[in-house]
Structures are given as structure tokens and as C-alpha cells.
Amino acid sequence: MFEGQPKGLYALALANTGERFGYYTMLAIFTLFLQAKFGYTEHETSTIFGSFLAAVYFMPLIGGFLADKFGYGKMVMSGFVVMFIGYVLLSIPTSNEFGKIMMFAALGLISIGTGFFKGNLQVMVGNLYDDPRYSAKRDTAFSLFYMAINIGAMYAPTAATKMTNWILGKYNFTYDGRIPSLAHQFINNELSTQNAELLETLKASQHFAGDTAAFCDSYIRHLSEAYNYGFAVACVSLIVSMLIYVSFRSTFKHADSVKESAATPESGHTHEELSPAETKQRVVALLLVFAVVLFFWMAFHQNGLTMTFFARDYTAHEVSGLDRIGFDVLNLTFIVVAIYAAFAIFQSKTGQGKSIAGAITVAALAALWYSYSLTPETVSILPQQFQQFNPFFVVSLTPVSLAIFGYLAQKGKEPSAPRKIGLGMLIAACGFLVLAFGSIGLPTPDALKQDSTLSTLVSPNWLISTYLILTFAELLLSPMGISFVSKVAPPKMKGSMMGGWFVATAIGNYLVAIIGYLWGDMELWMVWSVLIVLCLLSALFIFSIMKKLEKVA
């Protein structure tokens, strides 16, 4: 899996890991921040969240066009700087009115900076594999690159949670997801009798001695401050990421531009010349794939919106038993180490290597058992912590998927990239089917807002299972889609075509808000069913054009 890869892959992957760690720390708490600080409704929050995600993934199109002209490396460095300024603005505690101006300015800068950075870094990874010595390892490389992204994402919710608990603890508060909504209802004179009684109970549980108005103001202000500090984590991670990128630039400098990657001393390789008809055929194939994946991202990125609402309002706030393992990122780390060490046992070519891998496996499992034995019988959880399961599953399952597809490739039976995308859409539908079953009988969000005592909390395993299934879909779709673009895109259009992939993702992310608009008087199982139907229709479409796609793959 790791053998025979160019050194530049690891440098670029690590640089991306740092940047993604900061981004996903911010994203884990972003919708919670919007509602806690500004009192935005679910519909307003959905609009801002969807628009921001759309901008983040649309801007790589602009970044791709600029990179095709000025070079990928220059755009990546520009992206670092612009993103850093954006995160600084987002991390400064402010008053509400000025805070909105700062927030929207920050979101704009983060979007622009990501547009310069994200797509162009991935194009550089693809350029490393234009060298015939490495071309057969392209799909594996993008799976490893994708795994590195998710290593950063796996630790992000914990960083946000630790920061939230630390800042609230300084003011003798603890987190309770019901308080911000009730506090804003109190401030706006919209509190029902039932919710007023609940708010008084929650105030007493926080051991607050002042009146209700002071409690509401204080809790919202300090929780918002905690989220600001969580955003500041991204500033630090970006600095680390930039240092990695600059320090190891010599390992990927030859992949910095179309001109340099086309013919290098290292590879002696030149790009193939395509006829206008071949170029058109490839572009059309890519556009058809883009049309499909936008619906996947519409479904998948509910993790930061409606799935976070579900975690906050409908899922148990405490776990016990074996469920405690998953809500400590240290335990997840031990599991990942054990999985990779176990694979190394079979992949090592020497007895010494197998022995070392076996020892690491045993040590990781022993550490996991010891860590679990120290865990309290009941563990409180915050809604953003659920977002660590998807990246954990990606990191854990990547070697499994690579082993399976490597075996199928040896047998000549590995599915093509377009076929993997179609299968991914079918699996995504299954993921939301699980959540639909888990939501049957729950009150609607509107009913819950009128009377918060109606809340029936379900097992965290409904969300965890959904994240697991969606991860299988993601592994089939996202890294394979990026690999497909880097392979099929005409050489002189790589930057813009990779930008096109992100535009499709941007449209899908904007459509995320549609499901947020349904979050109100519609039954929850019906909300998830909309996503099930869209995923199934997308799968049907891509299988109907499979021959056209596989012709250029």
C-alpha cells in the first residue's frame, strides 16, 4: 500500500492533513455557533451553511483557471495566507451586529483561500503519477491522500469539544444543547409555559445564582466565545501545514505546473496529444459524472447540518457500555494503529517485520483495553463528536478497501471508477434508510421547539451506523472520483476540470440547505427518505451511461 509511492505524495498529504484538521474543527461546530450566538433558525442556518459549503467548493474552479496560467504552487501558497486571515477573523469574539459582519467576511476569505488551495494541491498529486513509473499506483495514491485528509478530520471534533468544555468550565458552565434555543426564545419573548419551566430547571442545574435574563445572556455569550476559540485551532493548524509544504517542496516541485510535469528529468515523460473529438469525449464524460456526484454531496454533507441537529435534539447525551469506546478519540487512535499493524503482519516480507507488526498490534489492543478500563461508567457527549466517526471509518477501512480492490485487480475483476461511483450511490441510500428507521415515531422539529419536554432520545448507534454505511459509499465515490478526473481530464485542462469536480460538489453542497428547509413540520423519516430517493435515482442514471464512461476511463 505504501511501497513504491513518490516522496512528494507524503509531503502533499501531510500539508493537506493540517489544513483539513483546522477546516473540520471549524465545520464541526459551525451550525451550532450560528444558532447559539445569533439565534438563527434552522432555515436561516441551512442557507448560510449551504451557501458557505457551496462557495468553498466552487472557488477551486477559479483557483484551477488561475493555476493553469500561473502554476499550482503559487496558488497553494496564496490559499494558505488567505485562509489564515479568514480563520483569524472568525476566532475573534465580538458583539452580535459587528460579529455578523466579521463572520461573513471570514467565510468569504476562507472560501477564496480554499479555492486557491484545495483543488490545486490535488492536481499536483495527480501530476506525480503522470510519470510512467508511478501511473499504476494512481488510485492507491488518491486513497492514501484521502485517508490523510480524514486523519485530520478525525481529531477535529475532539479539538472543538475540548475547547468548548474548557471555556465553559472557566465560567462554571457545562454544555447542554437545549439551553441556547431556550435562551433565545426567552430573549425574544417566545418561550412557551412548558419551555419556561424547563429553562428554569436547566438554570438550576448550571448552579447559576442570577435571574433568568442574566443566565441566558451569560450562557450564550460564553458558549459563543468557546466556539470562537475552537475556530482559532484552524489558525494554528494552518501554520503547521504551511511549514510542512515549504519544508518538503523539493519532493514535489516537478509537479508544480503543467509545463514542468509534462517533461521532467525524473520521468522523461510527455503528455499525450488529444484530438478535438477525444478532448470533447473526455470532457462530456466528466460532466456526466459531475452531474451524479452533486447528489451524493447533497446527502453526505448533512453531517454538519441536519445530522448535527439530530445529534443535538434527538440523540442520547450520555453513553455507557461499549459505546463509550467511540467517543474517546484516543481509543479510536489505538484501533487504527491495531488495524494497520495487523495488515502489516501479512504484508511484511521478513520474519522480523512480521514480529514487529504483531507486537505493535498487541500493544495497541492492550492500550485500548487499559484506556477503556479507565473510562467512567457514563460519558457525556456533545453533538459535534458524532462527526469524528466518518473520518475514523475512512482511515480504518482504507486498507481494507485497498486490499479488496487490489485482490480484484489481480483477478482482472476490479470495478471501473465510474462503476464504483454508482455502487457508492446505492450504498449511500442504504445509509439514510437506517436513519429513517431510527426516526420513526419521533416528534417533528417544530413540535419539539414548542415543547422541548417532548424529546425522545434515541440510541447513538443509529447515527453511528449511518456514518459507517456512508463511509463505505464515500470510499467508493470520492477518492475514485478525484482519481478519475485526474486521469481522464485533457492534460491542458487538468486544473479547470478538477475545478469542475469541485463545482459539482459546490452545487451539491448548496442543495444541502434544501433538506434543512424541510427540517420543521415534516416527519423525520420523510426527510431522510428524500435523500434515499435522490441517491437511488443518481445510481440509476450513472449505470445507464456506464458504457460511455468506461470507454474513456
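Reply: Happy to. Gly424 lies in helix α15, and please keep in mind that this is a predicted model. With a relative accessible area of 0%, Gly424 is buried. Setting aside neighbours within four places in sequence, Gly424 is in contact with Ala473 and Leu476. Ala54 is 370 residues away from Gly424 in sequence, and their C-alpha atoms are 22 Å apart in space.

Now turn to the surface. Leu433, Phe437, Ile440, Trp462, Trp525 and Met526 form a nonpolar patch there, with about 590 Å² of accessible area together. Two elements, α15 (417-439) and α19 (524-544), each give two or more residues to this patch. Trp462, another of the patch residues, lies in helix α17 (residues 461-488). Its relative accessible area is 33%, so Trp462 counts as partly exposed.

On to the charges. Side chains of opposite charge can pair when their charged atoms come close.

A search of the whole structure finds 8 salt bridges, and some of them join up: Glu42, Arg312, Asp313 and Lys449 are linked in a network. Within it, Arg312 forms a salt bridge with Glu42, the closest N and O atoms being 3.8 Å apart. Because Arg312 sits in helix α11 (residues 306-313) and Glu42 in helix α2, this pair ties together parts that are 270 residues apart in sequence. Arg312 also forms a salt bridge with Asp313, where the closest N and O atoms are 2.9 Å apart. Arg312 and Glu42 are buried, and Asp313 is buried as well.

Helix α2 (residues 42-70) also holds Thr45. At 0% relative accessibility, Thr45 counts as buried. Leaving out neighbours within four places in sequence, the residues in contact with Thr45 are Thr31, Leu34, Gln35, Tyr40, Leu305 and Phe309. Of these contacts, Phe309 falls within the residue range 306-313 of helix α11.

Methods. Residues numbered from 1 in each chain as written. Predicted model: local features only at pLDDT ≥ 70, side-chain atom pairs only at ≥ 80, totals over all residues. Heavy atoms only, no water. Helix = DSSP H or I, 4+ residues; strand = E, 2+ residues; numbered from the N terminus. Buried < 20%, exposed > 50% of the residue type's maximum accessible area, 1.4 Å probe, protein only. Contact = heavy atoms within 4.5 Å. Patch = residues over 30% accessible without salt bridge, like charges linked within 9 Å, V, L, I, M, F, W, Y side chains within 5 Å. Areas by Shrake-Rupley, 256 points an atom, 1.4 Å probe, with all protein chains shown as cover. Salt bridge = Lys/Arg side-chain N within 4 Å of Asp/Glu carboxyl O.
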